[in-house]
Amino acid sequence: MHITKKNSEIEREKRMKKKLIIGLVAIMTILLAACTEADTVSHNLSKAADSFEVQRRVVFLNGITDKYLLTIEGLCSIADEGNQLEVTCKVGEEEYKKHFLGLSDNVSYFVEQTDAAYTDPFHYRVVFRPESIVPDIDLQTSK
């Protein structure tokens, strides 16, 4: 009798695990189906821009005077940090410039992608930077 009870408990646990797995698969299917082609392409374009692969024009505009304050063009990545916009641009091989502009109620910006960029809507893109994972090590060997 004791062995039968253990077997029934094991069977019940197996059924519960099966239900849990089916539930998780259903949730994942719903979440993945919610991603549209446009979402994937937008994500991939943002990754490409953050990797300095997309030509952009960033324009800062005074909303009161309707005058441009500053225009930045090139292979630029942007980060909106609330009250300031940080624009980092690649200006040469391993050369970068970073610009900051404070945003206020009368200063706004817009970003234009100036060139078309290829991105695959069926390929999700993740970029790993080995230099941020592995520390910079100088190797010295004896002769």
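Is Lys98 buried, partly exposed or exposed? At 45% relative accessibility, Lys98 counts as partly exposed, where buried means under 20% relative accessible area, exposed over 50%, and partly exposed in between (1.4 Å probe, protein chains only).

The structure is a predicted model, in which local features need pLDDT of at least 70 and side-chain atom pairs count only at pLDDT 80 or more, while totals for chains, interfaces and linings use all residues. Residues are numbered from 1 along each chain as its sequence is written, and side-chain values use heavy atoms, with hydrogens and water left out.

The secondary structure of the protein consists of three helices and five strands; helices (H or I, at least four residues) and strands (E, at least two) are DSSP runs, numbered from the N terminus. Read from the N terminus on, the order of the elements is α-α-β-β-β-β-β-α. Of the 143 residues in the protein, 17% are buried. Contact means heavy atoms within 4.5 Å. Among contacts between residues at least 6 apart in sequence, 47% join residues at least 24 apart.

By the rule that a disulfide is a pair of cysteine sulfur atoms within 2.5 Å, the count comes to one disulfide. Its partners are Cys76 and Cys89, with sulfur atoms 2.1 Å apart. The link of Cys76 and Cys89 is right-handed, with 100° about the S-S bond.

In one of them, the side chains of Arg57 and Glu73 meet at 3.1 Å, N to O. Because Arg57 lies in strand S1 and Glu73 in strand S2, this pair ties together parts that are 16 residues apart in sequence. Arg57 is partly exposed, with a relative accessible area of 25%, whereas Glu73 is exposed, with 52%. Arg57 also forms a salt bridge with Glu112, and the closest N and O atoms are 2.6 Å apart. This second pair links distant parts of the chain, with Arg57 in strand S1 and Glu112 in strand S5 (residues 107-113), 55 residues apart. Glu112 is partly exposed, with a relative accessible area of 33%.

Lys98 forms a salt bridge with Glu86, the closest N and O atoms of the two being 3.3 Å apart. Here Lys98 belongs to strand S4 (residues 95-102) and Glu86 to strand S3, and the pair links distant parts of the chain, 12 residues apart. In contrast to the partly exposed Lys98, Glu86 is buried, with a relative accessible area of 16%. Salt bridges that share partners join Arg57, Glu73 and Glu112 into one network.

Arg56 is placed in strand S1 (residues 55-62). At 14% relative accessibility, Arg56 counts as buried, yet Arg56 has no salt bridge, and the nearest side chain of opposite charge, Asp50, is 5.0 Å away. For charge, Lys and Arg count as positive and Asp and Glu as negative, while His and the chain ends are not counted. A polar atom of the Arg56 side chain lies 3.4 Å from the backbone oxygen of Cys76. Leaving aside neighbours within four places in sequence, Arg56 is in contact with a set of residues including Ala49, Ile72, Glu73, Cys76, Val111 and Glu112. Between Arg56 and Cys89, which are 33 residues apart along the chain, the C-alpha atoms are separated by 9.5 Å.

Terms used
Salt bridge = Lys/Arg side-chain N within 4 Å of Asp/Glu carboxyl O. Polar contact = N/O pair within 3.5 Å; in protein donor to acceptor, adjacent residues only side chain to side chain.
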